Each structure stands twice: as structure tokens, then as C-alpha cells.
Amino acid sequence: MKRIIMIVIRVILKLPYWWGYKVNKYKHIENYTLQERYGFIHRVVAIISKKARVELECYGLENLPDRSGYLLAPNHQGLYDPLAIFQTHERPIRAIVKKELASTILVKDVIKMLEYVPMDRNNVRDSARVIKYVSNEVAKGENFFVFPEGTRSKNGNNILEFKGGTFKIAVKAKAPIVPVAMIDCYKVFDNNTIKKTTAKIHYLKPLYYDEYKDLHTNEIAKIVHDRIEACIKEHTKG
């Protein structure tokens, strides 16, 4: 909370322009490309990270598929995770978000602007609808990220089990899956401090359709989980 307050204080003069003008402007998605809308958020997040005294180290961008139409599967440590993706992933990327965020002040405007897809995780029918819709969007060349844990781990660099249902999106779209390792991202907002901190994001080698087409989604989830876990352990030794 202290860091969030510090960010607000340090960017308070920019907020009327960002949210009062730019976000309201870009909410009219029919008038602007996703590249234009996402580009604005990409630039803003870089400023926010700097004001938050966060140094974000990024590795493995060369592992991103050349062609869009892929699924990023990151572990979920905390509130900073989406910002780490926004800052480092230059191509527009959309996401599935929990339904509650679609009615949260400020956040709901960004969700609309970036065409994120709210989902009621407790409604099986709605979940199936969203997965079908997103898989079609990915097949058409849209990039998406989804947290396979389904919630924040709330346990530092330890990760939870990945849910197989997440990977139905990639299977239906026959799309590449890019494991993404978030390391120390929980320290940004989940520790009540304003000390300078370093967070890391690693884009790992993708898993292509031909490699997983004969696997069950739970098996795919295990492979992605283990690759991310191995990366985290490698980079948190000592």
C-alpha cells in the first residue's frame, strides 16, 4: 500500500491527463487500433515502474514467436505481474480477467480500452463461453495472457498447481504456449515498503502445437508449470 500511495503522489499531475483524457479517449475502441491503445498503456507503465522505484529485468524476448496468435502462461505472484507484461511485451496483448475487475474503478476503463475479457470463474457455462471466444481470437492472431494458477500464489517465489482448463485455449487455437516466469514481482506491491526493488520476468521457450497436440491439458499444465518452476529455482539460488 505504501508504494501505491507513493506512485499516486509522484504522478498526481499526470493522472488527469492519463485517466481524464487518454483513457476516456481510448475507451472508444472503434476509433483507435489496439496497437494505439496498448501502446499508451505500454508507455505509462514504464513511467509508473520508474516512479515506484522498481527495476524490472527482462529476459528471453527472443523466445516470443515471430507471428502473433499465442498464449502467455505466467505464474501469478502479485499485483505487479500484469504491469511487468505491459512494460516488456511491446506487441498488443489481451487477457482474461476475473469478473469483479470489470466493475472496479479505473481498472474497468483499462479493461474496456484493451478489450480484456471478464470471466465468472464460478460459472461453468460462462467459463466455457469465454474459453471458446478467446481461442477463436487467438486463432485469428490475437495474443492473450492467462494466469494458470487462477489466483495469486501469495507465497513469494513458490508457485501453485496450474489448472489444465487454461490450456484449452491454446489447444483449440492450435497456438504456441509461452511459459513466463515471474520472479520477485510480489515484492513490488505485496510488501509494505517503498524501498527500491528489483523484479524479473523471463519469457521461456514456447511449446508449439505439434509438441503438445497429443497431450491432455493437465499434462500440458504440468510441463509449463515445471519449466517455470525450474527457471525460478535457477535464478533464486542463494
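Is Phe167 buried or exposed? Select Phe167 in the viewer: at 0% relative accessibility, Phe167 counts as buried. Here buried means under 20% relative accessible area, exposed means over 50%, and partly exposed lies in between, with a 1.4 Å probe and protein chains only.

Before the tour continues, two remarks on the model are required. This is a predicted model, in which local features need pLDDT of at least 70 and side-chain atom pairs count only at pLDDT 80 or more, while totals for chains, interfaces and linings use all residues. Residues are numbered from 1 along each chain as its sequence is written, and side-chain values use heavy atoms, with hydrogens and water left out.

**Stop 1: around Phe167**

Keep Phe167 selected and note that it is found in the loop between β5 and α7. Helices (H or I, at least four residues) and strands (E, at least two) are DSSP runs, numbered from the N terminus. The C-alpha atoms of Phe167 and Val110 are separated by 25 Å, and the two residues are 57 residues apart along the chain.

**Stop 2: the sheet**

Next, display the strands. Seven of them form an open sheet with mixed pairing, in the order β1-β7-β6-β2-β5-β3-β4. β1 and β4 stand at the edges with a single partner strand each, so one side of each is left without a neighbour in the sheet. Two strands pair if DSSP finds at least two bridges between them.

Select strand β2 (residues 71–74) together with strand β6 (residues 177–183): they pair in the parallel sense over four bridges. Within this pair, Leu72 has Val178 in β6 as its bridge partner.

**Stop 3: strand β3**

Select residues 94–98, which make up strand β3. Why is β3 described as largely enclosed by the rest of the structure? The reason is that four of the five residues of β3 are buried.

Then show the neighbours of this strand. β3 runs parallel to strand β5 (residues 144–145), and two bridges join them; the bridge partner of Arg94 in β5 is Phe144. β3 also pairs with strand β4 (residues 117–119), in the parallel sense and over three bridges. There, Lys98 has Met119 in β4 as its bridge partner.

**Stop 4: salt bridges**

How many salt bridges does a search of the whole structure find? The search finds ten, a salt bridge being a side-chain nitrogen of Lys or Arg within 4 Å of a carboxyl oxygen of Asp or Glu.

Select Glu137 and Arg94, which form one of these, with the closest N and O atoms 2.8 Å apart. This pair links distant parts of the chain, since Glu137 is in helix α6 (residues 124–139) and Arg94 is in strand β3, 43 residues apart. Both Glu137 and Arg94 are buried; for Glu137 the relative accessibility is 10%.

Lys140 is exposed, with a relative accessible area of 64%. Salt bridges that share partners join Arg94, Glu137, Lys140 and Glu142 into one network.

Remain in helix α6 and select Asp126 and Arg129. Their salt bridge has its closest N and O atoms 2.7 Å apart. Because they are three residues apart in helix α6, Asp126 and Arg129 are separated by about one helical turn. Asp126 is buried, with a relative accessible area of 17%, whereas Arg129 is partly exposed at 47%.

**Stop 5: two positive phi angles**

Select Arg53, in the loop between α3 (34–51) and β1 (54–59). Its phi is near 65 degrees, a positive value in a residue other than glycine. Arg53 is partly exposed, with a relative accessible area of 36%.

Lys154 is not a glycine, yet its phi is positive, at about 55 degrees. Lys154 is exposed, with a relative accessible area of 64%.

**Stop 6: helix α1**

Finally, select Ile5, which is found in helix α1 (residues 2–11). At 45% relative accessibility, Ile5 counts as partly exposed.
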